[in-house]
Structures are given as C-alpha cells and as structure tokens.
Amino acid sequence: MARTRRDTVPPMTDASPAPEPEALGPAVPVPDAVDEPVRRAARATRDAGLGYGLAVGRAGLRAAIGLGKAGADVALKVLDQSPVGDAAGSLADRFGAAAGRGRRPRAGAGAGVGGVVGRVVDNVVQVLDVDGIIRQVDVDDIVRRVDVDDIVGRVDIDDIISRVDVDGIVRRTEVGTLIVQSTGGIVTQVLDFVRSLGVSLDTVAERVVDRILHHGRLRPVAPVLLGRPAVDTTDPAPTLDLTTGGDA
Amino acid sequence: MKADPPEGSLAGNYSGPVTRLAAYAIDAFAIVVTYGLMLGIVAFVWQLVTRSDLVLPASDTLVWLIGLGIWTFGYFAVSWGVAAKTVGMAVLGIRVVGRDGGELTVRQGVVRALAFPFSFLLLGLGFVGIVVGRERRALHDVIAGTTVVYDWDARSARLRLLTRQAAEA
C-alpha cells in the first residue's frame, strides 16, 4: 500500500492553522520499500558517527593523560635537580617532626578502634548465649542427613591402608607389646620360625626353577578363587633375605 | 640361619616344595608313632579283655606293612576329609584346597589319600610336579583335583617378630 507525504504531516492544532492543500504542493507517493532503507541508512550514519566520535575522544583522552604523566615526571625530575628540589627537601625535613606527631595519634586511633571492636565482639558473644544456640542444634538430625555410606564410598580405604607404616607403628608404640603378650607364646614363636624358614627355602627353590624352566612365562601364584594375579617370572623373583629379613 | 616372615600375607598362595616335603616328613613320623601307639593300645585292650597276650607282628613282616598302609591311608583320608590338612601341614601352615581354590570335599580328600601311594610308586616322579609344575601339583593332586596353599598369615608373624625385637631392644 502506497502512502503520500501528506500522510506524514503533523496533526492540526489551533495554534497552527492547517495549510491549504495547494501550499503543500501535489502529493508525491513514497513507497515503503524506498522509505525504510533511507531511515536505516540515516540511523546507521548517526550511530557510526557517535561511535567513531567516542573512540576518537577516548583515544585522545588516553593520549592526553599519558602525555600529562610523562610531562609531570619530567617536570618533577627537573625540579629535583633544581634549587626548587633542594628547597622542597628542606621543607620536608622541617615538616618531618610535625608529621611524626600527627602519625602517632593516627596509629593510636587505629589501636583504639581495634580494642573497641574486640570489646564489642566479646560483648556480642556474651549476649548471644552461644551455649544456648549449640544446645538448640539437633546434632542427631544433622547426622541423619549426612550420607555416611556415600562419604565412606568415596574414601579409598586400600590406598589409606597402603600408606600406613604398620611396621613403624609397631616399633614405636606399645601395640606390639600387647600383641606379644597375647600371642607371643613359645609355641607360636617356634611355628613362626619354622614356617618362615620353609617359605624362605621355598622361595629359593622356586627362584631356581623359575629361572631354569619358566623363562618369561607367567606363573600363577595362587588358585583362581583365592584371587592372586599371575607374576612375570622375567622379573626378579621375590626374595627373602635370610640374614636381615625381607620380602618373600 | 635367620628367616624373618615376609611382609605380605602368603595365605592362599601355592605352597612351595620344601614346606610340603617338611610336612610329609612330620606326617611320616606322626604315622609311625601313632601306628606303634595304636598297636600297643590294641594289645593292652586285648590283654584286658581276653586275659591273654596278643602277639603283635614284627615290623619287618608283611602284615605289619599292610597294617601300616591301612593306617596311613586312614590318617590321610580322615585328616584331609575332615580338616583339609594333616598334622604336618598344620605345623607348616599349609592346607589342601580344590584346584580352583575352593574348599576340599570329603570325596576329594579320600581320593587324594587313595592316589597318594602312586606318587611314591613311580620312583617319586609323582612329586616332580610340586617343583616344576605351574600349579605345584603332585600326581595325587592331579588325580584328586586338588592343590596345596599356604594357610598362615605371614603378616601377623612378621608383626609378632617385630614386636619381640622392639621389646628386647
């Protein structure tokens, strides 16, 4: 649908009498397809102008600030080397004592504020009745809400146990004494010795056999249901030091 | 010679040849001793009941050997069938299990006791598998479908040794 330029004329008011149709000239039809791109172009031109203007202004501001700082640095260095710098130094020296007197009450005020804050906190804690608050906490309910199984499930017990130096604990604590008192009979000692001796001799015999007959072949160390993986006989066989003790 | 227990538990691992040989030696001693005691008890009871002396066969007679064979079979069959271990095995800390590690059945124990003499009869070749076999099985193990594993916790033994050493230090 085509519109005419007359359609865009503002509504008539009492202050501005409506012009005569003849004064406006003949109506020129302006199709939407032409009017819309012109408006978009005008808006884009305006926005682009604003954008570029802002960018240029920002860059100029930065440049001005940079130049100002550089100029100030240069000026200060020049002044330092000049009689003005000497005068400023002597002035600072004269003001030093007064500045020190000013800093002391400032530090004192800081300490006073800290003390006041501490007393306030103490008073707040006394007023709060922390014991009463703790008594109101339903620990059982909290514990019930905690999924202990989930927590335990996330813990690698084997890894923890493997890190524990049980030998060291037994050496350093009285746990070992208790074990000795409970199971340290002469019969137990003899059995432990005989069995350990048998194991050490087994290890020696099997090491010899493995080297002669089982070159590079995996050899199970236990039946399937007892869950021991096969060992690679190419690796050094587990050893038992018959003089100082060790692995088997 | 000083032999400390290993750090890890050996329970469930295949037993080695020396331990098994030592267990057999203890069992052989136990069999002969208990056989002699048994004959003595039989003679004593016979004397109490019949009021006459019982002339026991000499140890170099066939009857004595047959009796020893029967006693040996009974010793092993009952020990393995009931406890999966003999006295010697208990001392050395080993036990008989199924080939897959399962519990030994009474039938397996009896079959193992019946097959045990064959390992001797073949000039001892039946025991070679204990040394060179992958699963350390003797001939009677193969026949009965069994194997022998360690049954003691070497870890506990090691802790006991460490504590004794700490107490002595």
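Predicted model: local features only at pLDDT ≥ 70, side-chain atom pairs only at ≥ 80, totals over all residues.
**Helix 2 of chain B**

I looked up burial next. Phe76(B), Ser79(B) and Trp80(B) are buried in this helix. They cover an arc of only 90° around the axis, so they sit on the same side of helix 2 of chain B. I then turned to the face pointing away from that buried side. Val63(B), Ile66(B), Ile70(B) and Val82(B) are exposed there.

What do the buried residues of helix 2 of chain B pack against? I found strand 1 (94-98) and helix 4 (106-121), both of chain B. I also checked the residue that follows the helix. Ala84(B) has a positive phi, near 65°.

**Strands of chain B**

I followed the packing to strand 1 of chain B. Its pairing with strand 2 of chain B is antiparallel and runs over 5 bridges. One bridge I looked up joins Gly98(B) to Thr146(B), the latter in strand 2.

**Helix 1 of chain B**

I ran the span check on helix 1 too. Its 34 residues, 17-50, reach 48 Å from first C-alpha to last. That is close to the 50 Å expected at 1.5 Å a residue.

I listed the buried residues of helix 1 of chain B: Pro17(B), Val18(B), Thr19(B), Arg20(B), Ala22(B), Ala23(B) and Asp27(B). In chain B, the buried residues of this helix pack against helix 3 (87-92), strand 1, helix 5 (128-132) and strand 2. They also pack against helix 9 (186-213) of chain A. Just after helix 1, Arg51(B) takes a positive phi of about 60°.

**Contact between the chains**

That partner in chain A sent me to the contact itself. I read off 42 residues from chain A and 41 residues from chain B. On the side of chain A that touches chain B, helix 7 (166-172), helix 8 (175-183) and helix 9 of chain A each give two or more residues. Which element gives the most? Helix 9 of chain A does, with 18 residues. I sorted this side of chain A by class: 22 residues are nonpolar, 11 polar and 9 charged.

How values were computed. Residues numbered from 1 in each chain as written. Chains lettered and ligands numbered in written order. Buried ≥ 20, exposed ≤ 12 C-beta atoms within 10 Å, placed from the backbone. Helix = DSSP H or I, 4+ residues; strand = E, 2+ residues; numbered from the N terminus. Arc of directions from axis to C-beta. Contact = placed C-beta atoms within 7 Å. Pairing = 2+ DSSP bridges. Expected span 1.5 Å × (residues − 1). Nonpolar A, V, L, I, M, F, W, Y, C, P; charged D, E, K, R; others polar.
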